[in-house]
Amino acid sequence: METIERIRCLIVGSGPAGFTAAIYAARANLSPVLYEGIQPGGQLTTTTDIENFPGYPEGVSGTEMMEQLRRQAQRFGTDIRNGIVTQSDFSHTPYRLTIDGEKTVEADALIIATGASAKYLGLPDETKYAGQGVSACATCDGFFYRKKRVAVVGGGDTACEEAVYLSHLASKVYMIVRKDYLRASKIMQERVMQSQNIEVLFETQTVGLFGENGVEGAHLVKHKGTDREEYIDIAIDGFFLAIGHTPNTKAFPDIATDEAGYIVTDGRTTATNIAGVFAAGDVADPLYRQAVTAAASGCRAAIDAEKYLLEKGL
Ligand code: NDP
């Protein structure tokens, strides 16, 4: 019979939460194993410079920060592996996790740090033009739109950041904002307003996309449902989504979430509804969603896991 590997502290996810949990768990001799997930390094690898992480007065690129965190976790002995947790069974201890739909491992303590994924509007055209002009990551795909026209959907910090980034590459950037204001922080709003080639279309929604070979334009509606309702088309080559994220909890249906899908922790700690399972980072954070808060919750989750293992004598 095949023996199932038993892991003392299993960490799922490789963003700032996962790697910080790994650093702390490794230094506490919990022999952590970390599965990197779908996007090694997490969302920060798709961002531009991180300017608000304490200790980097000049800023740091997302990929560089993640590489440093990875090296730091490895330095203390974290076993970092490629793979995605696809299923979980919390009906008995040690808990069972399926990796990539085939391999099973057992874990005494589990830290879920799977982050969140970009949301789409749900238009059939987003699927039709996937990889042909539709993207949810300006820093990944912006390069293809040099001297072209693009649109960014959303009015939050991400949308502003992406619009400003794209404005340095593209000839023209539209921001499609459904409300009559930007939700983003003041500093990001100012950057948008200072960009010569960004045009913000307030109170505007996307109805569909069109184009023969990839995206060539978008059908929009302004002031929907009012007597000023107006349908317009804009010519664009790229359509970027920046309307928020969905927490990645699919593999953990037994873990309690709120109505938006974020894992519920007990507040004072990172404990979930299942003993020995802890959650850190964006997967459990509808409020702050910052690199620094994710890192901090990863630290808390590792300390919580250590305490749990000690109390259980594991
Ligand atoms: P947010 O939730 O803050 O903003 C989402 C935006 O998308 C809103 O403008 C929202 O509109 C719009 N939106 C949502 N759904 C739809 C839809 N179906 N159709 C049209 N528009 C839609 O998400 P972000 O990703 O921008 O930011 C998440 C968090 O990360 C925030 O806390 C932010 O501050 C932080 N962040 C910080 C950065 C920094 O400090 N440098 C950089 C990036 C993010 P509405 O306002 O109408 O709801």
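Start with the whole chain: a search of the structure turns up 9 salt bridges. Keep in mind as you click around that this is a predicted model.

First stop, D108 and R6. Select both and you'll see a salt bridge whose closest N and O atoms are 2.8 Å apart. It links distant parts of the chain, with D108 in strand β8 (residues 103-112) and R6 in strand β1 (residues 5-12), 102 residues apart. D108 is buried at 10% relative accessible area, whereas R6 is partly exposed at 47%.

Next, pick R81 and D79, another salt bridge, this one with its closest N and O atoms 2.9 Å apart. R81 counts as buried at 17% relative accessibility, while D79 is partly exposed at 31%.

Hop over to K172 and E199, where the closest N and O atoms of the salt bridge are 2.6 Å apart. K172 sits in strand β12 (residues 172-176) and E199 in strand β13 (residues 198-201), so the pair ties together parts 27 residues apart in sequence.

Now for the ligand. Show the 18 residues around it; G155, D157, T158, R178 and R183 come nearest. They split into 4 nonpolar, 8 polar and 6 charged. Domain 1 (5-117 + 245-312) and domain 2 (120-241) each supply at least three residues of this shell, and helix α5 (residues 157-167) gives the largest share, 3 residues.

Finally, zoom in on ligand oxygens. One is 2.6 Å from a side-chain N or O atom of D157. The protein covers 78% of the 910 Å² of accessible area that the ligand has on its own.

Key. Residues are numbered from 1 along each chain as its sequence is written. This is a predicted model: local features need pLDDT of at least 70, side-chain atom pairs count only at pLDDT 80 or more; totals for chains, interfaces and linings use all residues. Side-chain values use heavy atoms; hydrogens and water are left out. A residue is near a molecule or strand if one of its heavy atoms lies within 4 Å of it. A polar contact is a pair of N or O atoms within 3.5 Å; within protein, one must be able to donate a hydrogen and the other to accept it, and residues adjacent in sequence count only if both atoms are side-chain atoms. Accessible areas come from the Shrake-Rupley method with a 1.4 Å probe; for residues, only the protein chains shown count as cover. Helices (H or I, at least four residues) and strands (E, at least two) are DSSP runs, numbered from the N terminus. Ala, Val, Leu, Ile, Met, Phe, Trp, Tyr, Cys and Pro count as nonpolar, Asp, Glu, Lys and Arg as charged, and the others, Gly among them, as polar. Domain bounds come from an automatic or database domain assignment. A salt bridge is a side-chain nitrogen of Lys or Arg within 4 Å of a carboxyl oxygen of Asp or Glu. Buried means under 20% relative accessible area, exposed over 50%, partly exposed in between (1.4 Å probe, protein chains only).
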